[in-house]
Amino acid sequence: MQFKEPGEEKFKPKSPNITINQINDVLKSLGSGYMCEEVPERIQGTEILRDKTIVMVDDQLILLKLFAPELVVATDNKARFIEHTNQKIEDLVTSIMETKADIVLLDYSLASGIKGPEVARALLSKGFSDLIIGFSTHGNAEFEFEASGALGSIKKENPEKFPGVSVKALANFLITQQIK
């Protein structure tokens, strides 16, 4: 993915259902000063993510920005992003529930020492019935997310170079879990 300064010429999209403006609107909503030059190609094998509302929750805004183009394309513009700053768990849970997410991707280490598995437990206790998946580089994330009631966890691969690797891993995880 390449970025450009706002106002530079835009390229034609490679994914027929998503426009560069849709991706750049998401990037703008995340406070990005840079815009995406072109629409990433839809990653083969990620069809299971189409039309799913996926909410990515992370405390590192840069990661939300890096994953946004790939997730927007994979979900046909149904990806949502929540930056966790200093919200209490209850407020974060409310924000997540309001998105009516099909899948919540939770980082392991959030702001203020809050852990993703704590948020997963809180979501489930509030009646969240869709999928919660850990999305982290933390070594014990999978075990702790599963213990919290989440479906499991996938590794967040180097998003600066390969955000699509993690998006493909999410699709593969759902396929292996026989999720439709």
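Which residue stands opposite Ile103 in E5? I began my notebook with this pairing and found that Ile54 stands opposite Ile103 in E5.

**Ground rules.** I noted that this is a predicted model, in which local features need pLDDT of at least 70 and side-chain atom pairs count only at pLDDT 80 or more, while totals for chains, interfaces and linings use all residues. I also noted that residues are numbered from 1 along each chain as its sequence is written, and that side-chain values use heavy atoms, with hydrogens and water left out.

I looked up the strand order and found an open sheet of 5 strands, E4-E3-E5-E6-E7, with parallel pairing; two strands count as paired if DSSP finds at least two bridges between them. Strand E4 (80–83) and strand E7 (152–155) are the edge strands, each pairing on one side only.

**Entry on strand E5.** I followed strand E5 (residues 103–106) to its partners, and found that 4 bridges join E5 to strand E6 (residues 131–136), the two running parallel. E3 and E5 also run parallel and are joined by 4 bridges. Towards E6, I found Ile103 opposite Leu131, and I found that Leu106 has Gly134 as its bridge partner there. I next asked which residues of E5 are buried on each side. Ile103 and Leu105 are buried on one side, and Val104 and Leu106 are buried on the other, so that both faces of E5 are covered; buried here means under 20% relative accessible area, exposed means over 50%, and partly exposed lies in between, with a 1.4 Å probe and protein chains only.

**Entry on H3 and H4.** I looked up how these helices meet, and found that they pack at an angle of about 65 degrees with their axes 10 Å apart. The contact is made by Ile89, Leu92, Val93, Ile96 and Met97 of H3 together with Glu118, Val119, Ala122 and Leu123 of H4. By class, I read 8 nonpolar, no polar and 1 charged residues in this contact; Ala, Val, Leu, Ile, Met, Phe, Trp, Tyr, Cys and Pro count as nonpolar, Asp, Glu, Lys and Arg as charged, and the others, Gly among them, as polar.

**Entry on H4 and H5.** At what angle do the axes of helix H4 (residues 116–125) and helix H5 (residues 141–148) cross? They cross at roughly 20 degrees and come within 8 Å, which means that H4 is roughly parallel to H5, a label for angles under 35 degrees. H4 passes H5 in a right-handed crossing. I listed Gly116, Pro117, Ala120, Arg121 and Leu124 of H4 and Glu144, Phe145 and Ser148 of H5 as the residues that make the contact, and these divide into 4 nonpolar, 2 polar and 2 charged.

**Entry on single residues.** Ser112, in the loop between E5 and H4, has a phi near 60 degrees, a positive value in a residue other than glycine, and is exposed at a relative accessible area of 60%. Gln178, in the segment after H6, has a positive phi of about 60 degrees although it is not a glycine, and is exposed at 70%.

Note on methods: Axes are lines fitted to C-alpha atoms, for helices over the stretch in contact, and angles run from 0 to 180 degrees between N-to-C directions. Angles under 35 degrees count as roughly parallel, over 145 as roughly antiparallel, 65 to 115 as roughly perpendicular and the rest as oblique. A crossing is left-handed if the near helix is turned anticlockwise from the far one by less than a right angle, and right-handed if clockwise. Contact means heavy atoms within 4.5 Å.
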